[in-house]
Each structure stands twice: as C-alpha cells, then as structure tokens.
Amino acid sequence: MKIDILTIFPDMFAGPFAESILRRAQDKKLVKIKIHNLRRWAKDRHKTVDDRPFGGGPGMVMRVDIIDKALTALGSGHKILLTPQGKTFNQQAVASLSRKKHLILVAGHYEGFDERVRNLVDEEISIGDYILTGGELAAMVVVDAVVRLIPGVVGEKESVKEESFSRALGGLEYPHYTRPADYKGKKVPEVLLSGDHTAISKWRAEQAKKRTKQRRPDLLR
Ligand SMILES: C[S@@+](CC[C@H](N)C(=O)[O-])C[C@H]1O[C@@H](n2cnc3c(N)ncnc32)[C@H](O)[C@@H]1O
C-alpha cells in the first residue's frame, strides 16, 4: 500500500512513523508512507496556504486551489479529508481502507477548509467528537489503525481477528492475564491454567459477550 499525507507540519510525523510496527511495516515494504508539505504548492514567496474567510469571522481558511493542485500532483488514490465534520472512524472503516492500494490524507489547520475542498475528496473522516488543533494527529490515528490490518504487518493473524470490534459479533475482546498467576491475592481464572483449549475458548467467548454487554451494549444492537 502507498500512503501520501498532505500537511503543513511534516515534522510532526517523524516519531510515530519511525517506531514499532509502523516502522517494521515500512522496512518490510508492506507500506510506503510519504509526507508532503502542502506549502510546496503555494504560489507566493511566503508559501501561504490559507486566507481570510469571505463574509468575515475569526481565523483563516485553507485554500481550495492549493489543495487541488497538490491532490492532482499526487495522482488517483483514495482521497480522505480529516475533519471533525466527517464520518466517525471505526474498525469497519479501518478494514475497508486497509484493502485500498493508495490512500491520500489531507490534514487541515486553522478554521478548516474552504467548503469546495469537499468536492475534491472521496470521503471525510472524523476520529471523534472533539476538536484537535490540526489534522495531523487524526491522520496518524488513521494510518496506524489501517497499516496494522495489512496482511503480514502484525505477526499472528489471529491476534488481529480476535480483537475488540473485529470479532465475529463486533464486540469487545475477552480479558487477558499473564504471570504472576497470583498477584496480591488476585488470582488468574482457573480455566486459563487448565490447558483445556475447548474450555478456554468457551470461557473467552462468554467473557467477551459479558464484557460487551456491560461496557458497550450499543455494539450488540
Ligand atoms: C481547529 S480544527 C477546525 C475545526 C472547524 N472549525 C470546525 O468547527 O469544524 C483544524 C483541523 O483539525 C483537524 N481536526 C480537528 N478535529 C478533528 C477530528 N475530530 N477528526 C479529524 N480531524 C480533526 C481537521 O483537519 C481540521 O480542519
């Protein structure tokens, strides 16, 4: 998969994309991530990408002509605008994006985008009902979630399938335990120490269902 990101703060991406699973995925050539400074497509010598809103009001608005030029230069990928007004991101959207060959993400700033930018993209994504200072963190969230579903990125295939929101019922995952088996009197459930894999599977399925019912009943509906 190829991922292009348009931003006015390219340096923000250095840390998260250079560590752990995202780094390994790039090293293994399972994904190629490129960060582009939107100012490259600006027309004036100050490299301006925003302007005052028509009709007045606070803040600056990102210009449609500059974003259009940048998107045209990046080719025919699936174009995503990061905006709090987009569809709320979830694991279903992650799975669908992980099947695309080329994603182009556009991170906004200031008051947001000129309304006509919406005509240039395939979809608009929000990562939740709150306002960030810019779309960079949202783009990182999208890339992180999508890349780990690309086959070969996460070691054991099963660990992706069994996770919360990906399970057959779409619910939460069962609880995990590791050593010590007894920590300050809190014991690991007997069944997990039994070696009986059928019983363990049954217990995990029950726990996942119970947990989803308690914490996220909306997922069961
Ligand atoms: C300060 S916000 C602009 C918010 C805009 N004035 C509004 O009320 O919709 C600046 C940029 O941050 C990004 N952003 C902020 N919150 C976001 C969210 N929840 N999901 C995705 N992107 C977000 C978008 O790219 C947005 O253009």
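**Ligand site and backbone features of a predicted model**

Among the 21 residues around the ligand, the ones that come nearest are Leu82, Gly108, Glu111, Tyr130 and Leu132, where a residue counts as near if one of its heavy atoms lies within 4 Å of the molecule. This is a predicted model, in which local features need pLDDT of at least 70 and side-chain atom pairs count only at pLDDT 80 or more, while totals for chains, interfaces and linings use all residues. Residues are numbered from 1 along each chain as its sequence is written, and side-chain values use heavy atoms, with hydrogens and water left out.

**Contacts and burial of the ligand**

- An oxygen atom of the ligand lies 2.6 Å from a backbone N or O atom of Leu82, which falls under the term polar contact (a pair of N or O atoms within 3.5 Å).
- Polar backbone atoms are also found 3.1 Å from a nitrogen atom of the ligand at Ile127, and 3.0 Å from a nitrogen atom of the ligand at Leu132.
- The ligand taken alone exposes 580 Å², of which the protein buries 85%, with accessible areas coming from the Shrake-Rupley method and a 1.4 Å probe.

**The shell around the ligand**

- Strand 5 (78–88) and strand 7 (123–126) each supply at least two residues of this shell, and strand 5 gives the largest share, four residues; strands (E, at least two residues) and helices (H or I, at least four) are DSSP runs, numbered from the N terminus.
- Divided by class, the shell has 10 nonpolar residues, 10 polar residues and one charged residue, with Asp, Glu, Lys and Arg counted as charged and Gly among the polar ones.

**The largest pocket**

- The ligand sits in the largest pocket, meaning that more than half of its atoms lie within 2 Å of the grid points of that pocket.
- A pocket is an open set of points on a 1 Å grid over the protein atoms alone, where a 1.4 Å probe fits, with protein on both sides within 12 Å along at least five of seven lines, and lining residues have an atom within 4 Å of a point.
- The largest pocket holds about 400 Å³ of space, and of its 23 lining residues Leu82, Thr83, Pro84, Glu111 and Gly112 are the closest to its centre.
- Strand 5 contributes the largest share of this lining, four residues, and the lining as a whole divides into 10 nonpolar, 10 polar and three charged residues.

**Backbone features**

- Most residues other than glycine have a negative phi, and most peptide bonds are trans.
- Ser20, in helix 2 (residues 20–27), has a positive phi of about 55 degrees although it is not a glycine.
- The peptide bond from Arg179 to Pro180 is cis, with omega near 5 degrees, and Pro180 lies in the loop between helix 6 (157–161) and strand 8 (182–183).

Conventions
Polar contact = N/O pair within 3.5 Å; in protein donor to acceptor, adjacent residues only side chain to side chain. Points joined across faces, edges and corners; volume = space filled by probe spheres on them.
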